[in-house]
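Here is a short briefing on one chain. Keep the structure open while you read.

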Amino acid sequence: MTIEEAQKAVDAWINKKGSGYFDILTNTTILMEEVGELARVVSRTDGQQKRKEGEELNFAEELADILWVLLCLANQKDVDLTSELHKSFVKKTKRDLNRFTT
């Protein structure tokens, strides 16, 4: 699935099976919540925290949840993420041309 297809699929799901998009503020706070859940997984799988009894930790699932909300926000703000990601590669390539060479 391309990024464009993912944006369309999320939009279709939101409009057919969901109850519409949450507002931008709510989706932004949901994004922060999802990033926090990813941080909890990392802290307990790669950091020093211990897993709680019965706690399920799924790194991939948390990444997918973050991507879902990012796609929602992009759709709500009419952002073409494919185009913006391409621009980001161009920017980083120019800016960091010699940054990581020894």
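What radius of gyration does the chain have, and what would a compact globule of 102 residues have? The chain has 17 Å, whereas a compact globule of 102 residues would have a value near 13 Å. The model is predicted. The points below go from the whole chain to single residues.

**Overall build**

- The chain holds 4 helices and 0 strands.
- Read from the N terminus, the order of elements is α-α-α-α.
- The C-alpha trace spans about 50 × 45 × 25 Å along its principal axes.
- Of the contacts with a separation of 6 or more, 61% are between residues 24 or more positions apart.

**Surface and charge**

- Buried residues account for 21% of the 102 residues.

**Asn-75, in helix H3**

- Helix H3 covers residues 59–76, and Asn-75 lies in it.
- Is Asn-75 buried or exposed? Its relative accessible area is 17%, so Asn-75 counts as buried, the cut-off being under 20%.
- The side chain of Asn-75 makes a polar contact of 3.0 Å with the side chain of Tyr-21.
- Beyond its neighbours within four places in sequence, Asn-75 touches Gln-7, Val-10, Asp-11 and Tyr-21.

**Glu-55, between H2 and H3**

- Glu-55 sits in the loop that links H2 and H3.
- Glu-55 is buried because its relative accessibility is 17%, and buried means under 20%.
- Which side chains make polar contacts with the side chain of Glu-55? One is the side chain of Arg-40, at 3.3 Å. Another is the side chain of Arg-44, at 2.4 Å.
- With neighbours within four places in sequence left aside, Arg-40 and Arg-44 are the residues in contact with Glu-55.

**Asp-78, between H3 and H4**

- Asp-78 belongs to the loop between H3 and helix H4, which covers 81–95.
- Its relative accessible area is 72%, so Asp-78 counts as exposed; the cut-off is over 50%.
- Asp-78 has a positive phi of about 55 degrees, yet Asp-78 is not a glycine. Most residues other than glycine have a negative phi.

**Ile-24 and Ala-39, in helix H2**

- Helix H2 runs over residues 24–45 and includes Ala-39. Ile-24 is also found in helix H2.
- Ile-24 is partly exposed, with a relative accessible area of 28%.
- Ala-39 is partly exposed too, with a value of 44%.
- Leaving out neighbours within four places in sequence, Ile-24 contacts Leu-73, Gln-76 and Lys-77.
- Ala-39 and Glu-62 are 23 residues apart in sequence. Their C-alpha atoms are 9.2 Å apart in space.

Notes
Residues numbered from 1 in each chain as written. Predicted model: local features only at pLDDT ≥ 70, side-chain atom pairs only at ≥ 80, totals over all residues. Heavy atoms only, no water. Helix = DSSP H or I, 4+ residues; strand = E, 2+ residues; numbered from the N terminus. Rg over C-alpha atoms; globule rule 2.2 N^0.38 Å. Buried < 20%, exposed > 50% of the residue type's maximum accessible area, 1.4 Å probe, protein only. Contact = heavy atoms within 4.5 Å. Polar contact = N/O pair within 3.5 Å; in protein donor to acceptor, adjacent residues only side chain to side chain.
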